[in-house]
Amino acid sequence: MSSYNYLGFAEAPECQNDVLDSLEQFGTSTTTVSSGYGHTTVHDKLERDVAKFVGTEDALIFGMGFATNSTVIPTLVDKNSCVISDSLNHASIIMGVRASGAKVKVFKHNNMKHLESVIRKAIIEGHPRKRRPFNKIIIIVEGVYSMEGEMCDLPELLKLKKKYNCYLYMDEAHSIGATGNHGRGVAEYFGVDPKEIDIMMGTFTKSFGSVGGYIAGSYQTIHHLRKCSFSHNYATNLPVPAAQIVVSAMNVMTGADNTNIGKNKIKQLRRNETRLRDGLREMGCEVVGDEHSPVMCVMVYNPTKMYYISRECFYRGISIVMVGAPATDLIEGRIRFCVSAAHTDEDIDYVLKIFSRISDRT
């Protein structure tokens, strides 16, 4: 219950033959950068497939999910820009913003009223030293927040972006593949045109059972990143087998393999989410997180109970993630469950049975 293997592609037999064939043809590593000779036909197809899957004009892939945020953000903003960041954004976003030199303003988590006030203040006051307007204001959010299981309020974010002429950067690491009727992310879930989102970031390490990340957006944005991104120009590209498993997984999810496996994975993930969430609530647990999110948290509050719960689950063959300070406030510790389409009904029922016994003792 601690793995990000949301769709079960980490051990999917439907992808294995393609991966083994790519391993035999291309080897284990490109051993060079993408802008050199590290960009193969498989990488090219993956970028085209990502853009088509998420609904944007173009996409650029990277060898590491964390580095996608931390090295792309400094390429998009500078000391004359303003970044308005959700208070619960991931560490990779925080690192990227700090490295950019941009002025940073933080708004309360998912609080659109506070976000609007922060935007207005940034526009009115401008740069704190120069007292001139910022060259750009970019709002950065996550599609699904990994420590809360909550989705961003995308419709309201788009209204504010348009109203104040800002840019929107959305990290879909935990939502792409696992959210929406076809796994296309938060934009699909809310029925929003993906092209209204300026920059869409995601990773292959969760739903697609691989490594690396991507940035999707307009042709102009991706062209700029190809020229200026540190990761693209100085880091070794994805191993071809790692890229191939994502290509194969997306073929499955879109039905290009002429099967219903992708649809069934989404349906199974939804059933597992509902089964676990309802079971935890029935035993009296405080479960936080939105419906249709593969991440759900049970609040523990008391930090002294966290080690006990973790060990008791571990001894009974259940792996869970205990999240405490400094990732959360000291008295807001929680248990994070990550649901997968690979879980069976028996797996979920066993977790509920064991967790019920443990929770009774605590």
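Two strands count as paired when DSSP finds at least two bridges between them. Strands here are DSSP runs marked E with at least two residues, helices are runs marked H or I with at least four residues, and both are numbered from the N terminus. The model is predicted, so local features need pLDDT of at least 70 and side-chain atom pairs count only at pLDDT 80 or more, while totals for chains, interfaces and linings use all residues. Residues are numbered from 1 along each chain as its sequence is written, and side-chain values use heavy atoms, with hydrogens and water left out.

An open sheet is built from 4 strands in the order E8-E9-E11-E10, with antiparallel pairing. Its edges are strand E8 (287-288) and strand E10 (321-323), each of which pairs on one side only. E10 joins strand E11 (residues 333-338) through 3 bridges, again in the antiparallel sense. Across this pairing, Val323 sits opposite Arg334 in E11. Helix H11 lies across E8, strand E9 (295-301) and E11, and runs at about 20° to E9. For that angle, axes are lines fitted to C-alpha atoms (for helices, over the stretch in contact), and angles run from 0 to 180 degrees between N-to-C directions; contact means heavy atoms within 4.5 Å.

Next come the charged pairs. A salt bridge is a side-chain nitrogen of Lys or Arg within 4 Å of a carboxyl oxygen of Asp or Glu, and by this rule there are 17 salt bridges. One of them links Asp58 and Arg226, whose closest N and O atoms are 3.6 Å apart. Asp58 belongs to strand E1 (residues 58-62) and Arg226 to helix H8 (residues 219-228), so this pair ties together parts that are 168 residues apart in sequence. As for accessibility, buried means under 20% relative accessible area, exposed means over 50%, and partly exposed is in between (1.4 Å probe, protein chains only). Asp58 is buried at 17%, whereas Arg226 is partly exposed at 26%.

Other salt bridges stay within a single helix. Glu156 and Lys159 meet at 3.2 Å, N to O, and they are 3 residues apart in helix H6 (residues 154-164), or about one helical turn. Glu156 is partly exposed at 30%, and Lys159 is exposed at 53%. In H11, Glu273 and Arg270 are likewise 3 residues apart, about one turn of the helix, and their closest N and O atoms are 3.2 Å apart. Here Glu273 is buried at 1%, and Arg270 is buried at 13%. Salt bridges with shared partners also join Glu47, Asp58 and Arg226 into one network.

Gly255 and His182 are 73 residues apart in sequence, yet their C-alpha atoms are 10.0 Å apart in space.

Strand E2 (81-86), helix H4 (91-100) and strand E3 (103-107) each supply at least two lining residues, and the largest share, 4 residues, comes from H4.
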